[in-house]
Amino acid sequence: MFSLLNLQSLFGLVVVVAACWALSENRRAFPWKLALGAVAVQAGLVLALFAIPGSQAVLAAITGAVDGLNAATQRGTQFVFGYLAGGDQPYAVTNDGALFTFAFQVLPLILVISALSALLWHWKVLKWITHGFGILFQRTMGLGGASALAVAANIFLGMIESPIVIRAYLDKLTRSELFLLMVVGLATVAGSTMVAYAAILSPVLTNAAGHVLVASIVSAPAGILLARVMVPEKPGEGGAHADYDSALKYDSAVDAIVKGTADGLMVVLNISAVLIVFVALVALANVMLGGLWLFGGEVTVERVLGWLFTPVAWLTGVEWSEAGRAGWLLGVKLTLTEFVAFIELGRVPVAEMSERTRMLMTYALCGFANIGSVGITVTGLSVLMPERREEVLGLVWKALFAGFLATIMTACVVGLLPSTIYG
């Protein structure tokens, strides 16, 4: 049964696409077929992963693979850092959530993925996978093999690990493909964080693990669409016409692992430094606003953005009575990362937020599109492709806008479908 809230989500979907079209570099090149196809793919994936009998077994298998990679990384991290990385604790733990440390639980995965992708490239596995994805996406969504592989990697690996996977092709990407890579990276999350988000939300959201996993998967088509709307591919560039030949070679398997790890280490160090600075700047802004009070509370960057994003939250299909709190969560995501926003969402008592609003916010928050990620994107890609740093800087704020709206678009698609399919 459809309701006014479903129509509200549909209206929000139109507004999101229209907002990106308004900022397009070529409004005449609107990809109508891609727009319809992306929405159909999103709706189809949601229905396939929730409405088809036996779909939960597929979700469990994919989650198990992601967990296995993360668990293997944690073994290596704990060997080096011990209890700081979640190993055996030398003291009584009263708050298990406090054991999660970004530096030890997330960043080491970049090192492992970097080394693993270099090894797979040396063994020519990635080369064949790239060509396979190239055939699939060139025929369905007009993507080239490298960008197609990066989009697929983004669903589970994250916005810096996926460029590492196609490092050999980064200098060959067109401007539109580079922008698409950035947008999809900001619109999705890494597999290492999915499990944490699911654990945070499981006490207050039914089937939290499934929603978090599906959120990252279905946001990829949204990111592709909005990226293509804002920076359309020029005729004759990209897709089937792109030349992805590369001279990247390693002398041996050991050489691939060592060099891949070294490349990943440079990315990790840059990410760590920029994250510290961006989070500190937001905190500094809050200190400067500390003397201001409005509507019965202290004015902060998050509260101001919450007021601004109340209409945005409503567009996803949230009732207006709950749009204020939902908009505040979107503001927290944009300024203090989606991890903090998920923690705040998990803290909202069940009685104080409807199941629909909590579900829609899970999809709207499940992406790396935040101010800190702007620095991560710039520094990460600058390390991997220093010759295109100026180009990255010119696109990154547009990518943040499109990546943020991609998760909003995903929430709108989820909101316009009948609620009964989610159980």
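1. The kink in H17. Helix H17 bends by about 40°, with the kink centred on Leu395. The bend at a residue is the angle between axes fitted to the seven residues ending there and the seven starting there. H17 covers residues 389-416, 28 residues in total. From its first C-alpha to its last, H17 reaches 39 Å, close to the 40 Å expected at 1.5 Å a residue. That expected span is 1.5 Å times one less than the number of residues in the helix. H17 is mostly covered, with 20 of its 28 residues buried. Buried means under 20% relative accessible area, exposed means over 50%, and partly exposed lies in between (1.4 Å probe, protein chains only).

2. Ground rules. The model is predicted: local features need pLDDT of at least 70, side-chain atom pairs count only at pLDDT 80 or more, and totals for chains, interfaces and linings use all residues. Residues are numbered from 1 along each chain as its sequence is written, and side-chain values use heavy atoms, with hydrogens and water left out.

3. Confidence. pLDDT is the predictor's confidence in each residue, from 0 to 100. The protein chain averages 81, and 84% of the residues score at least 70. Residues 240-247 fall below 50, and this stretch has 14 contacts in the model beyond near neighbours in sequence. Contact means heavy atoms within 4.5 Å. Where pLDDT is low, the predicted coordinates should not be read in detail.

4. The whole chain. The protein chain has 17 helices and two strands. Helices (H or I, at least four residues) and strands (E, at least two) are DSSP runs, numbered from the N terminus. Of the 423 residues, 54% are buried. Among contacts with a separation of 6 or more, 77% join residues 24 or more positions apart. The accessible surface comes to about 18,400 Å², and carbon and sulfur atoms hold 69% of it. Accessible areas come from the Shrake-Rupley method with a 1.4 Å probe; for residues, only the protein chains shown count as cover.

5. Annotated spans. An unreviewed UniProt entry carries the annotation "transmembrane region" for several spans, including residues 32-52, 212-231 and 395-417. UniProt positions are given in the numbering used here, feature names are shortened, and annotations may be inferred rather than shown by experiment. In the model, residues 32-52 are 90% helix and 0% strand, with end C-alpha atoms 29 Å apart. Residues 212-231 are 95% helix and 0% strand, and their end C-alpha atoms lie 28 Å apart.

6. Met182 sits in helix H9 (residues 175-187). Is Met182 buried or exposed? Its relative accessibility is 3%, so Met182 counts as buried. Met182 touches Thr377, Leu381, Val392, Leu395, Val396 and Ala399, leaving aside residues up to four places away in sequence. Leu395 is also where the H17 kink is centred. Met182 and Ala402 are 220 residues apart along the chain, yet their C-alpha atoms are separated by 9.5 Å.

7. Ala190 lies in the loop between H9 and helix H10 (191-201). At 2% relative accessibility, Ala190 counts as buried. Its C-alpha atom is separated by 10.0 Å from that of Leu213, 23 residues apart along the chain.

8. Helix H13. The 15 residues of H13 (residues 301-315) should span 21 Å at 1.5 Å a residue, and the end C-alpha atoms are 22 Å apart, which agrees. A kink of about 45° lies at Phe309, shortly before the proline Pro311. The buried residues of H13 include Glu302, Leu305, Gly306, Phe309 and Val312. An α-helix has 3.6 residues a turn, so residues three or four places apart point the same way. Gly317 follows H13 and has a positive phi, near 115°.

9. Thr310 lies in H13. Its relative accessible area is 11%, so Thr310 is buried. Which residues does Thr310 touch, not counting those up to four places away in sequence? They are Trp320, Ala323, Gly324 and Gly327. Thr310 and Glu322 are 12 residues apart in sequence and 8.9 Å apart in space, C-alpha to C-alpha. Val304 is partly exposed, with a relative accessible area of 30%. Val304 and Trp328 are 24 residues apart in sequence, and 8.3 Å apart in space, C-alpha to C-alpha.
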